[in-house]
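Hi everyone, thanks for making time.

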Amino acid sequence: MKPDLFQAPDYYNLDELLSEEHKLVRDAAREWVKRDVSPIIEEYAQRAEFPEQIIDGLAGIGAFGPYIPAEYGGAGLDQISYGLIMQEIERGDSGVRSTASVQSSLVMYPIWKYGTEEQRQKYLPKLASGEWMGCFGLTEPDHGSNPGGMTTNYKDMGDHYLLNGAKMWISNAPFAQVAVVWAKNEEGRIHGLIVERGMEGFSTPETHNKWSLRASATGELIFDNVKVPKENLLPNKTGLGAPLGCLDSARYGIAWGAIGAAMDCYDTALRYSKERIQFGKPIGGFQLQQKKLAEMITEITKAQLLTWRLGVLRNEGKATSAQISMAKRNNVDMAINIAREARQMLGGMGITGEYSIMRHMMNLESVITYEGTHDIHLLITGLDVTGLNAFK
């Protein structure tokens, strides 16, 4: 097993913009990834298996609901700390970051923001500690980029709700104890419901044969006349804006996380360029290889500035959904391009599990699609700047 020699690039001295708490939080996450993720992740990705033994470690570095108040088991950190944790985890693996993103932004966030005090007290401490894992059911077999067209529905049966439908491409589904599920009531209004494993008619078949996010557990959510207690309805926000509010938080985390994947690919390529000898000198001494590295560090630096500013706006409650959308699209696109260029620099070695680049590249093919595809985010920006809706 190769040692993790990662050194984070900081070309514009952005550490000077971070507080001491930010740096402590980031460095703790970085050291945990080096110690507990990097040594095992290639093996688990090759086996297409999620390393469940790291759940306690993720909880330990505050990766589950870092911005959730301490009274509910969270770390009570700010949005930049949340972003930095996601950056460091995705530097290790996008699938592991997905596990943490879903738990934080798509399960804990809606329970905290849209739930009752009883729901917060019941679920959030167990989710923060990793005792319970959660998943988020929005995407359906026939409704991805158009979630408002969902057909999953529930009916009021007097003393309970009866839930029917299916969700797919659900991270954490195979082992989650709790699912936050979005469904339409009899009037067609979208509501959130908390569904627990063990409820009759609720199953979570695993999705196999993935070439991407192989170290992340993905599955479906099947609801066949599931009786959901009425106290499991999230009462404080309804309509499509409710799940989209969760996605804002998750997309923000992805914008930071993608930088981590890009930094890892850049750092690997930079180190390799100094060690690999061709035509009598290191390949880093050739112009075309320097061009690749110069463009990589430039794009990483631009993305770092973008996300730092977005984090400040999030802390101030000023960040718009469209601003978050821009950062998600830009940073994932940046990361996947860097992964492809870095793979070329390593030649044949770039496709092997001895280096992380090919794994990052495959993972990012999912990240550029989920929680809003690259093209959908372009249209969100287009709508925001023109005021003209190109979705319909």
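Let's start at Glu206: setting aside neighbours within four places in sequence, Glu206 is in contact with Pro174, Ala217, Thr218 and Gly219. Contact here means heavy atoms within 4.5 Å. Before I go on, a word on what you're looking at: this is a predicted model, where local features need pLDDT of at least 70 and side-chain atom pairs count only at pLDDT 80 or more, while totals for chains, interfaces and linings use all residues. Residues are numbered from 1 along each chain as its sequence is written, and side-chain values use heavy atoms, with hydrogens and water left out.

Back to Glu206, then. You'll find Glu206 in the loop between strand 6 (202-203) and strand 7 (218-229). When I say helix or strand, I mean DSSP runs numbered from the N terminus: H or I with at least four residues for helices, E with at least two for strands. Glu206 and Asn172 are 34 residues apart in sequence, and their C-alpha atoms are 9.4 Å apart in space. The cut-offs: buried is under 20% relative accessible area, exposed is over 50%, and partly exposed is in between, with a 1.4 Å probe and protein chains only.

Next, charges. How many salt bridges does the structure hold? There are 21 salt bridges, each one a side-chain nitrogen of Lys or Arg within 4 Å of a carboxyl oxygen of Asp or Glu.

Look at helix 7 (residues 287-315) for a couple of them. Glu295 and Lys291 form a salt bridge, with the closest N and O atoms 2.9 Å apart. These two sit 4 residues apart in helix 7, so about one helical turn separates them. Glu295 is partly exposed at 39%, and Lys291 is partly exposed too, at 46%. Further along, Lys302 pairs with Glu299 in a salt bridge, again with 2.9 Å between the closest N and O atoms.

Now for Asp27 and Arg26, whose side chains meet in a salt bridge at 3.1 Å, N to O. Asp27 is partly exposed at 34%, whereas Arg26 is buried at 7%. And there's a network as well: salt bridges link Asp4, Arg91 and Asp264.

On to the aromatic rings. A search of the whole structure turns up 16 aromatic pairs. Rings of Phe, Tyr and Trp (for Trp, the six-membered ring) pair if their centres lie within 6.5 Å; planes under 30 degrees apart count as stacked, over 60 as edge-to-face and the rest as tilted. Take Tyr123 and Trp132: their ring centres are 5.8 Å apart and the planes are at 50 degrees, so this pair is tilted. Both Tyr123 and Trp132 are buried. Tyr154 and Tyr161, on the other hand, form an edge-to-face pair, 4.9 Å centre to centre with 70 degrees between the planes. Tyr154 is buried at 5%, and Tyr161 is buried at 11%.

There's also one aromatic cluster, with Tyr67, Tyr82, Trp112, Phe136 and Trp256 among its members.

Last stop, helix 9 (residues 357-367). Of its 11 residues, 8 are buried, so helix 9 is largely enclosed by the rest of the structure. Those buried residues include Ile357, His360, Met361 and Leu364. What do the buried residues of helix 9 pack against? They pack against helix 1, helix 3 (79-92), helix 4 (94-114), helix 6 (241-275) and helix 8 (321-345).
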